[in-house]
Structure formats: C-alpha cells, structure tokens
Amino acid sequence: MPAEVATKVIEIIQRNYNVKSVRVERVQDINFKAGQLLQVTLQNNPQLKHYLSISSSPSEKCHLEFTKKLSQSDFSKAMDALKPGDELQIQYPFGKFTLEDNPAGKIAFLSGGIGITPLRSITKDVVDRNLGVDIVLVYSNRSVKDIVFKDDLSAMQKMYPKLRVAHVLCETEPGFKCSVGYINASIIRNEVSDYKERKFFLCGPPGMVEAMRKMLSDELLLPKEQIVTENFQGY
Ligand SMILES: Cc1cc2nc3c(=O)[nH]c(=O)nc-3n(C[C@H](O)[C@H](O)[C@H](O)COP(=O)(O)OP(=O)(O)OC[C@H]3O[C@@H](n4cnc5c(N)ncnc54)[C@H](O)[C@@H]3O)c2cc1C
C-alpha cells in the first residue's frame, strides 16, 4: 500500500542544462523496489502534483531522489524554485517496472533522455548489492550535453564488470564512443549481440517506447514476455 508522508529537501542536483534531481529525507520504514515511482505534491497544492520515477535506489539509505526534465509548466517552475529545507509531500511506492516483478539474469535497458530515471535506480541497486545480473544499457540522447547521470553511469560501469553502457547520439562527438542515429534493430544487433537471451526494459515517452517495442517484436522477433515497458505519459 502506498503511504503519504511529508518530507524535507536535503539537496538539489543540476544533472544537465534542463534536468534537476531533488533529494529528500527518506522515511526509513517505507520500503520501495528499484524502478518504482512516487507522486510528489509541491507547496501543498493539489494542482502541483506529478508522478515521477524514483531515481535513487533502495540501497541509498540516506535520501530518496526524483529527477525531472524542467519545462515551462507550473510544476516545473515550483520544482526549480525548491531549496534545501523546503517541505513537500510524497506518496509512494507505485508501479511494477522492477526486477522483482520481472526477474531475469540477463537484461537490456533501452531508454532515451529523462526515461533513464527508473533504470538508474535499478542499475544502482544491482551494483550496490552485487546481484550478478548482466546489464546492457542502450541510452539514446541528442548530444553529450543531454545525457543524464553521465558520470554516475560511467562510475557504476567501472565498479561492476557486468554493466555495459552503450550511448546512442544524434551526432558524433570527438573523443566520445557512441552509435549515431536513433535506437534501431541494427544498433541492437551490434551492441546487444545476445539480445535473444535478454529481457528488455523500455522506458521513456510513450511514442519512443512504442517504436522500440515494435522494433523488438517485429524486426528482432522477441516474444512479448521478453519486453517490459514504462511509459512517461505527459511527454
Ligand atoms: C510512470 C511515470 C513515470 C514518470 N517519471 C518521470 C520522471 O522520472 N521524470 C520526469 O521528468 N517525468 C516523469 N514522468 C512524466 C511526468 O509525470 C510529467 O508528465 C512530465 O514531467 C511533464 O510534466 P510538466 O510539468 O513538464 O508538464 P505538464 O504541463 O504537467 O504536462 C504536459 C502535458 O502532458 C499532460 N500530462 C501531464 N501528466 C500526464 C500524465 N500522467 N498522463 C497523461 N498526460 C499528462 C498535461 O495535461 C499536459 O498537456 C513520468 C510519468 C509517468 C506516468
């Protein structure tokens, strides 16, 4: 059962030019699974309410984090104005986009832009608990400056040999290893050659998730049991 609690902002982290993470005090007796989401209400105003994935992992005991792409919406403006010490309401946990609900020993994450948030949570949990799950994360962005959690992903890759991050960008960047274009069947064959053995977790705006689901199912002939999706409605 999701619980609703008041909590306080501990820290704000600018992830890139238009993405911010907010870390709040974690209420220790409310458990969640990596990949789940929360609903946050700002300024006690029911108009300023959004579902956001939890971008921290249960293994990070000192804070709970959510991460949003800032737009011109009232919610985004209110989130952008948050500072340490501010109070907000959160209700959690929700959702089944988790390894516990979709177990597998070998997985592939396909994501674009802000769709990385629950995948960062799951990856961090696997790395911190050394779960042995083999992960390939195929992460697509317009350019290097759009990549969210870039250093964090690269640090986790160094710590955990069974994690490989394959970046996909719309343009090449000198000195940065990536595929160029949108995620497609040929990039998957190249970057995830054992794709038939993996469970795929897709996360992002609904249009992107549907395009990737169709590609995996129609072009790479993966059965639907091997595809798990999370749609970020609202983009
Ligand atoms: C399961 C889930 C997880 C999400 N996780 C994240 C996350 O980690 N980070 C993140 O940045 N965003 C996430 N989102 C999207 C987020 O909830 C907002 O919809 C998005 O951030 C746009 O909000 P906004 O304030 O910028 O714009 P808004 O002005 O609030 O929304 C833009 C447009 O989308 C519509 N809209 C907003 N929310 C929804 C919705 N839930 N369903 C259908 N239409 C909607 C609005 O009516 C408006 O027309 C998630 C959404 C879902 C459903």
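A residue counts as near a molecule if its C-beta atom, placed from the backbone, lies within 6 Å of it. This is a predicted model: local features need pLDDT of at least 70, side-chain atom pairs count only at pLDDT 80 or more, and totals for chains, interfaces and linings use all residues. Numbering starts from 1 along each chain as its sequence is written.

**Exercise 1. The ligand shell**

Task: Find which residues are closest to the ligand, and what the shell around the ligand is made of.

Solution: 
- Step 1. The ligand is surrounded by 19 residues. Ser53, Ser71, Ser73, Gln233 and Gly234 are the closest.
- Step 2. Sort the shell by type. Seven residues are nonpolar, nine polar and three charged. Here Ala, Val, Leu, Ile, Met, Phe, Trp, Tyr, Cys and Pro count as nonpolar, Asp, Glu, Lys and Arg as charged, and the others, Gly among them, as polar.
- Step 3. Trace the shell to its elements. E4, strand E5 (64–69) and helix H1 (74–80) each supply at least two residues. E4 gives the most, with four. Helices (H or I, at least four residues) and strands (E, at least two) are DSSP runs, numbered from the N terminus.
- Step 4. Check the domains. Domain 1 (3–94) and domain 2 (106–231) each provide at least three shell residues. The bounds come from an automatic or database domain assignment.

**Exercise 2. The partners of E3**

Task: Find which strands pair with E3, and in what sense.

Solution: 
- Step 1. Apply the rule: two strands pair if DSSP finds at least two bridges between them.
- Step 2. Take strand E4 (residues 49–53). Five bridges join E4 to strand E3 (residues 37–41), and the two run antiparallel. Leucine 38 has leucine 52 as its bridge partner in E4.
- Step 3. Take strand E6 (residues 87–94). Four bridges link E6 to E3, again antiparallel. Valine 40 has isoleucine 90 as its bridge partner in E6.
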